[in-house]
Amino acid sequence: MNRLQLLSKGLRLIHKMSEEALAGVPLVHISPEGIFKYVMINVIDGGDASKAVIRGFADCTWHADIFEREEEVFKKLGLRAECPGGGRIEHNPDKKYLKVYGYSQGFGKADHAQTKRILATKYPDYTIEISDEGY
């Protein structure tokens, strides 16, 4: 095998590994209850593949805190991350209720309809409301 073939084989292996890493990233990781900020993150592998995920944690004061925490996780997997926006989530597990609303001052407003669709993959038996009102 010549150098070019070896390089090509190596690049295919790296791309396959990053595709597998992307496939293993959970769509939703949010706090189990409460009202907290969230961000939508586009996670991108070494090629053209990407997926949008939702992250929201009650222990994070700012939307940027959430993004920076998760960006580190993704970097360790060989993935890139971009944040198109955020907002807030109200999570009431007793009532099986989620409300998505508001915006991030730093990142702008996430697409709440897309956020609802992503949350529904983890919480299919919940009532999920979205609103453009509130901060």
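Where is the place of Lys96 in the chain? Lys96 is in the loop between β4, residues 80–92, and β5, residues 97–101. Keep that loop in mind.

A caution before that. This is a predicted model.

Now the chain as a whole. It has 135 residues, and 39% of them count as buried. The secondary structure comes to 3 helices and 6 strands. Read from the N terminus, the order is α-β-β-β-α-β-β-α-β. Next, the contacts. Take those between residues at least 6 apart in sequence. Of these, 66% join residues at least 24 apart. Then the surface. The chain exposes about 7900 Å². Carbon and sulfur atoms supply 53% of that area.

Let's go to strand β3. How many of the 7 residues of β3 are buried? The count is 6, so this strand, residues 50–56, is largely enclosed by the rest of the structure.

What pairs with β3? Start with β1, residues 28–30. β1 and β3 run in the parallel sense, with 3 bridges between them.

Next is β2, residues 34–44. Is its pairing with β3 parallel or antiparallel? It is antiparallel, over 7 bridges. Here, look for Val39, whose bridge partner in β3 is Arg55. β2 and β3 also make a hairpin, and 5 residues lie between the two strands. So β3 has a parallel pairing with β1 and an antiparallel pairing with β2, by the bridges that define strand pairing.

A general point while we are on strands. In a regular strand, side chains alternate between the two faces of the sheet.

On to the cysteines. How many disulfides does the model have? The count is 0, where a disulfide needs two cysteine sulfur atoms within 2.5 Å. What about burial? Cys60 has a relative accessibility of 9%, so it counts as buried. Cys83 is buried too, at 17%. Both values fall under the 20% cut-off, which is why both residues get that label.

Back to Lys96, as promised. Is Lys96 buried or partly exposed? Its relative accessible area is 37%, so Lys96 is partly exposed.

Find β3, with 6 of its 7 residues buried. Find Cys60, buried at 9%.

Technical notes. Residues are numbered from 1 along each chain as its sequence is written. This is a predicted model: local features need pLDDT of at least 70, side-chain atom pairs count only at pLDDT 80 or more; totals for chains, interfaces and linings use all residues. Side-chain values use heavy atoms; hydrogens and water are left out. Buried means under 20% relative accessible area, exposed over 50%, partly exposed in between (1.4 Å probe, protein chains only). Helices (H or I, at least four residues) and strands (E, at least two) are DSSP runs, numbered from the N terminus. Contact means heavy atoms within 4.5 Å. Accessible areas come from the Shrake-Rupley method with a 1.4 Å probe; for residues, only the protein chains shown count as cover.
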